[in-house]
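Subject: Structure handover

Hello,

Here is the structure you were going to look at. Please open it before you read on, and keep it in view while you go through the notes.

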Amino acid sequence: MTMPEQNARVALPTVDDTRAFGTRLAGVLRAGDLVILTGPLGAGKTALVQGIGAGLGVEGRIASPTFVIARVHPGPLPLVHVDAYRLTSLGEVDDLDLDFDANDVVTVVEWGHGLVEQLNDARLEIVLDRFADTDERVAQLVAHGDDWAERVARIG
Ligand SMILES: Nc1ncnc2c1ncn2[C@@H]1O[C@H](COP(=O)(O)OP(=O)(O)O)[C@@H](O)[C@H]1O
Ligand SMILES: [Mg+2]
């Protein structure tokens, strides 16, 4: 297991801040990256992916539709958005037979913790927290391997 090298904590008072943070994050992303999003329902995982998609300039509406597990958003740097909520194994993503090579895209996985780490030793984990009766969210960034610590330092 790769140990976390550097953490950063980002306060996200409103949904616009969460989207803006996603767009800032997009600025350091490159092909082959894996980003894992963790946090309870309504924490803002999908909102964050919407910001990432805007930053990357990809096509298609980013949402968490009930029956879609993974969606490929074409663009200059394509985004693969996975919602692993209903998945119990990584094999189920393979079984979807999606037409992309992980080396050519940015892969962002909601609910991926404990499930998709084996896809890439180097990865950014983002843990989102929410608090009762407020809009405020907090993002905890955890860098694993490669140059993620340096990239987290740039965006955190
Ligand atoms: N600071 C915030 N960041 C993100 N979402 C927020 C924030 N404040 C309120 N919200 C609302 O919370 C909900 C987050 O939903 P969503 O992004 O789908 O969460 P998840 O994918 O984690 O289940 C949205 O309705 C959004 O408008
Ligand atoms: Mg979601």
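This is a predicted model: local features need pLDDT of at least 70, side-chain atom pairs count only at pLDDT 80 or more; totals for chains, interfaces and linings use all residues.

Start with ligand 1. There are 16 residues around it, and those that come nearest are T18, G42, K45, T46 and D135. By type, this shell divides into seven nonpolar, five polar and four charged residues. Two helices, α1 (15-26) and α2 (45-56), each supply at least two residues of the shell. The largest share, three residues, comes from α2.

An N or O atom in the side chain of K45 is 2.7 Å from an oxygen atom of ligand 1. For the side chain of T46, the distance from an N or O atom to an oxygen atom of the ligand is 2.9 Å. T14 takes part through its backbone: one of its N or O atoms lies 3.1 Å from a nitrogen atom of ligand 1. On its own, ligand 1 has 570 Å² of accessible area, and the protein covers 74% of that.

Now the backbone. Most residues other than glycine have a negative phi. D133 is not a glycine, yet its phi is positive, about 65 degrees. D133 sits in the loop between β6 (123-130) and β7 (137-144). D146, also not a glycine, has a positive phi of about 50 degrees, and lies in the loop between β7 and α4 (148-155).

Are these two residues buried or exposed? D133 counts as exposed because its relative accessibility is 82%, and the cut-off is over 50%. D146, at 56%, counts as exposed too.

Regards

Terms used: Residues are numbered from 1 along each chain as its sequence is written. Chains are lettered from A and ligands numbered from 1 in the order in which they are written. Side-chain values use heavy atoms; hydrogens and water are left out. A residue is near a molecule or strand if one of its heavy atoms lies within 4 Å of it. A polar contact is a pair of N or O atoms within 3.5 Å; within protein, one must be able to donate a hydrogen and the other to accept it, and residues adjacent in sequence count only if both atoms are side-chain atoms. Accessible areas come from the Shrake-Rupley method with a 1.4 Å probe; for residues, only the protein chains shown count as cover. Helices (H or I, at least four residues) and strands (E, at least two) are DSSP runs, numbered from the N terminus. Ala, Val, Leu, Ile, Met, Phe, Trp, Tyr, Cys and Pro count as nonpolar, Asp, Glu, Lys and Arg as charged, and the others, Gly among them, as polar. Buried means under 20% relative accessible area, exposed over 50%, partly exposed in between (1.4 Å probe, protein chains only).
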